[in-house]
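Visitor: I would like a close look at a single part of this chain, taken slowly, with the surroundings described as well. Please start with whatever term the description will need.

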Amino acid sequence: MRSLSRRDALRVGVVSTAFVGAVAGDVLAADAASTATDDGWISVLDHGAVGDGRTDDTAAIQAALDAAGTTPGTGVLFPPGRVYKVSDQGVASGLSDVVLSGYGATLALSGAAASANGAKAVLRLTRCQRFRVLGLTIRDTDRT
């Protein structure tokens, strides 16, 4: 019987149900050090994110989103076991068929300025189609 490769597990996770997506997350967790850009994923780590919960990763996450905009059909990967601190909202504009995958990872909003209506945001989508977020925990650390 053929074993499931990491590449196959990632592809299955992108187009399948939450159950199979969880299997892909387990595969990612087993290989947390990898950034997997050769498999159609753009890792936020390759764009300078640290994921230690203290360093502001906003610019690195935005750079990964921008890179996804120039490479159709790619996904943005948040490697597991990390907390990515964001102090301002990321903007995804004009993206189609993009997946943010973050099984076992957390985005922590901290120190963001309030928007015009008083709310804080982690990600703003404009003119995006078929944009999915899988397994990524988002936490607002500023609210009481």
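Guide: A residue counts as buried under 20% relative accessible area and as exposed over 50%, and what falls in between is called partly exposed. The model here is a predicted one, and the part to look at is Leu125, which is found in strand β8, spanning residues 123-126. Together with Leu123 and Val133, Leu125 makes a nonpolar surface patch of about 220 Å².

Thr106, in strand β7 (residues 106-109), has a relative accessibility of 13% and so counts as buried, the limit being 20%. Apart from neighbours within four places in sequence, Thr106 is in contact with Arg82, Val83, Tyr84, Leu136, Thr137 and Arg139. One of these contacts, Tyr84, leads on to the aromatic residues: the count comes to one aromatic pair, formed by Phe78 and Tyr84, whose arrangement is edge-to-face, with 5.4 Å from centre to centre and 75 degrees between the planes. Both Phe78 and Tyr84 are buried.

A further buried residue is Thr74, with a relative accessible area of 9%, although Thr74 lies in a loop, the one between α3 (58-70) and β3 (75-77). Not counting residues up to four places away in sequence, Thr74 touches Gly40, Ile42, Ala68, Asp97, Val98 and Val99.

Note on methods: Residues are numbered from 1 along each chain as its sequence is written. This is a predicted model: local features need pLDDT of at least 70, side-chain atom pairs count only at pLDDT 80 or more; totals for chains, interfaces and linings use all residues. Side-chain values use heavy atoms; hydrogens and water are left out. Patches are made of residues with over 30% relative accessible area and no salt bridge: like charges are joined within 9 Å, nonpolar side chains (Val, Leu, Ile, Met, Phe, Trp, Tyr) within 5 Å. Accessible areas come from the Shrake-Rupley method with a 1.4 Å probe; for residues, only the protein chains shown count as cover. A salt bridge is a side-chain nitrogen of Lys or Arg within 4 Å of a carboxyl oxygen of Asp or Glu. Helices (H or I, at least four residues) and strands (E, at least two) are DSSP runs, numbered from the N terminus. Rings of Phe, Tyr and Trp (its six-membered ring) pair if their centres lie within 6.5 Å; planes under 30 degrees apart count as stacked, over 60 as edge-to-face and the rest as tilted. Buried means under 20% relative accessible area, exposed over 50%, partly exposed in between (1.4 Å probe, protein chains only). Contact means heavy atoms within 4.5 Å.
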